[in-house]
Amino acid sequence: MRVLAAMSGGVDSAVAAARAVEAGHDVVGVHLALSRMPGTLRTGSRGCCTIEDSRDAWRACDILGIPYYVWDFSERFKADVVDDFVAEYAAGRTPNPCMRCNERIKFAALLEKALALGFDAVCTGHYAKVVEDADGNPELHRAADWAKDQSYVLGVLTHEQLRHSMFPLAETPSKAEVRAEAERRGLSVANKPDSHDICFIPDGDTRGWLEERIDLTEGDILDVDGEKIGSHPGANAFTVGQRRGLKLGTPAADGKPRFVLEIRPKQNEVVVGPEHLLAIDEMRGIKVSWAGLPIDEVLTGEEFDCMAQVRAHGDPVAARASVGSADGAPQLVVRLVEPMRGVAPGQTVVLYQGTRVLGQATIDSARSALRPEPAGLQG
Amino acid sequence: MYVDHAATTPISAPALAALTRELSRSGNPSSLHGSGRRARRSVEDARETIAAAAGAHASEVVFTSGGTEADNLAIKGLYWARRAAAPERNRILCSTVEHHAVQDTVEWLERHEGAEVVWLPVDGTGVVSLEALRAALAEAPERTALVTVMWANNEVGTIQPVHAVAAEAARYGVPVHSDAVQAFGSVPVSFADSGLATMAVSAHKIGGTVGVGALLVGRAVTLTPVQHGGGQERDIRSGTLDGAGIAAFAAAADDAVAHLGDEGPRLAALRDRLIDGIRREVPQAVLRGVDHPAPEGTRLPGNVHFTFPGCEGDSLLFLLDLAGIESSTGSACTAGVPRPSHVLLAMGLSEDEARGAQRFSLGHTSTADDVDAVVAAIGGAYARARAAGMAGHASSIRTAGTGFFS
């Protein structure tokens, strides 16, 4: 196969490319330029946009003996990932930009260009597994190493996208193994630190970065009964589940800490309350997609058992899900068997059965059985 | 098939012979003993040879580490020296199609040294406007430190009216620098006849080695040094000279200039064959620079530059590379990030037009077979690159957020 290896400059993608070469594929390395103004040096462990990352990727390709190119996706990245990230926060939601990048950049813009140029697949250093069913249709599964598993951020990939995806690190027992392999192969990135933060926020200060880009207007902080108990500098500077920074002068009647339960961007209101009201029993999702072919229950509209996960390394919880429709678009309803904390609109819920990823949706609203009104986006 | 001679060209046979001869000897040309004298002799022979090839006097040749250093030394050196003589002289008149070695140096002086830059526009073929130059000079001649206009453009091959530029500036006594890295060895260049104050040349573009170049500095011209040390080169440039590289440079220059009469027309014929071939295979492709057929002395004999509508230059480069053809998008990159060329934008192209650029540059090893191989590959590569589309334009792959169900 002709394989395009997306090379971030990190150790995972370098080893993934090496394995693709070793498997006998015809591999070309491509580094995605995602910023118009790459930093001159890497700061800490972050980034996918620095000159040093680009050089590290280049060096890895040299060692593997494969061609190396830099492709400019900075405009698409800005429009589809960065601007979207800001817009989602401005609308009071909590987006996951890495998922967005996988959905729109790596496995859409890049994949499309690769296919047009004659490649058969895009290879990345993600820890996840694509397996084929008896009819050759792709299924997405968790990686062998659940601690490193990244199937969550790939949950947004569709049948078409998975058909052309290659994740050579699927069966790797651990990250340490990948580093050891990089060392053995003479790849200089063997000991490069992992990247953790959002690549386009170089100092890791997401809140500060957002505040420079979102207009904040002072508004009210309400309790669960709708009583005003304070004011805030701007509703969209808060996230559901947040406890610090509320600056409420008077303590709650029961003396317990209060948490952000809900953000109402339209009314510019923040609703706070006790911790137990953060527990969510049901969520509804939009922008539904299936990772490969949908399971039968999706087509019949029946409810099915699954595990639901709402963040990259969050614990999955047992749930029953079904697909209906709302406003003419598919709507995923996920009823949790055990309540889950820390669910915010804008997050992605990924559904699993065993190791298999079924699909995902963007959380539009989340409900706590203990609260009379459904929490979530109003109006 | 190597069609990227403007980036660097293979070492020529006489240069390789000179290089290996000198590499096996030792001696610092500044030393006074026997080895030093021998090394000095070789360097001074080379200086005379290069001076003769460039139409200059030997004492006007200042060896540098290459074209970039020569451009830096000329522009910063002239700027500082001119300002030292008269502090109000802070204007730099610079064309909009300069190589980064010139453009970035000028912009650095603007940011850090109080320079005021007047950018001289070019026409659609890349020729600098003499009218704009005249107006800029006349506006404040007493405040003008220098003018800098390249001899020939590295991307689109357009040859500038350097003599006319120098003549205009001479009326006000303003010195002119020219980056002649692409011109020297490809077209007739005479420093003495040009009226230039300084002129940058490079060895590896004409069959010498990378890491050697020279700045020709008129005998009456004062430059403030950029790099300090032993003052080896007229006290203008310090650093131990690369004797072997300089000997190879001289041999390459001598060879290139001696064969200019045959090689120029030979390359021009190959160039025209390549232009005709690409136009036949890809009628949508647009030749950039001087129109075809280019009158002699208006376009570098080895330069072919096209923009291919609706596709990315780097896609085309990739596909040609796959087909064994080594070409270039023609412009420099930042961290390998391809940006639309400032040269093409200055010539009036849109960003999308400029993104589809591809430069094919011929040199002393080029043959008709090379040209025919490019022509044979270009149609298929273009079709495929066009299908791959443009960066920044929407993807047609439907995803969760873009109507997966629709």
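Student: What makes B:Thr20 count as buried or exposed?

Tutor: B:Thr20 has 12 C-beta neighbours inside 10 Å, so B:Thr20 counts as exposed. The rule is that a residue is buried if 20 or more other C-beta atoms lie within 10 Å of its own, exposed if 12 or fewer, and partly exposed in between, with C-beta atoms placed from the backbone. B:Thr20 sits in helix α1 (residues 13–23) of chain B. From B:Thr20 to B:Asp235 it is 215 residues in sequence and 29 Å in space, C-alpha to C-alpha.

Before we go on, this is a predicted model, in which local features need pLDDT of at least 70, side-chain atom pairs count only at pLDDT 80 or more, and totals for chains, interfaces and linings use all residues. Residues are numbered from 1 along each chain as its sequence is written, while chains are lettered from A and ligands numbered from 1 in the order in which they are written.

Student: Why is α1(A) called largely enclosed?

Tutor: Of the 12 residues of α1(A), 11 are buried, so the rest of the structure largely encloses this helix. Among those buried residues are A:Val11, A:Asp12 and A:Arg19. Their cover includes β1 (2–6), β2 (26–33) and α2 (51–64) of chain A. Helices (H or I, at least four residues) and strands (E, at least two) are DSSP runs, numbered from the N terminus.

Student: How do you know that the span of helix α1 of chain A agrees with what it should be?

Tutor: The expected span is 1.5 Å times one less than the number of residues. For the 12 residues of α1 (residues 11–22) of chain A that gives 16 Å, and the end C-alpha atoms are 16 Å apart, so the two agree. Just after α1(A), A:Gly24 has a positive phi of about 95°.

Student: What span does helix α2 of chain B reach?

Tutor: Helix α2 (residues 34–54) of chain B, with 21 residues, reaches 30 Å from its first C-alpha to its last, close to the expected 30 Å. Its buried residues include B:Ala39, B:Val43 and B:Ile50. Just after α2(B), B:Gly55 takes a positive phi of about 65°.

Student: Why is chain A called as compact as a globular protein of its length?

Tutor: Chain A holds nine helices and 17 strands. Its radius of gyration is 22 Å, close to the 21 Å from the globule rule for 379 residues, so chain A is as compact as a globular protein of that length. That radius is taken over C-alpha atoms, and the rule is 2.2 Å times the number of residues to the power 0.38. Of the 379 residues, 48% count as buried.

Student: What makes β1 and β3 of chain B edge strands?

Tutor: The open sheet has seven strands in the order β1-β7-β6-β5-β4-β2-β3 (chain B), with mixed pairing. β1 (61–64) and β3 (116–120) of chain B each have a single partner strand, so one side of each is left without a neighbour in the sheet. Two strands pair if DSSP finds at least two bridges between them.

Student: How many bridges join β4 to β5 of chain B?

Tutor: Two bridges join β4 (residues 144–148) to β5 (residues 176–179) of chain B, and these strands run parallel. With at least two bridges required, they therefore count as paired. B:Val147 has B:Val176 in β5(B) as its bridge partner.

Methods
Two residues are in contact if their C-beta atoms, placed from the backbone, lie within 7 Å.
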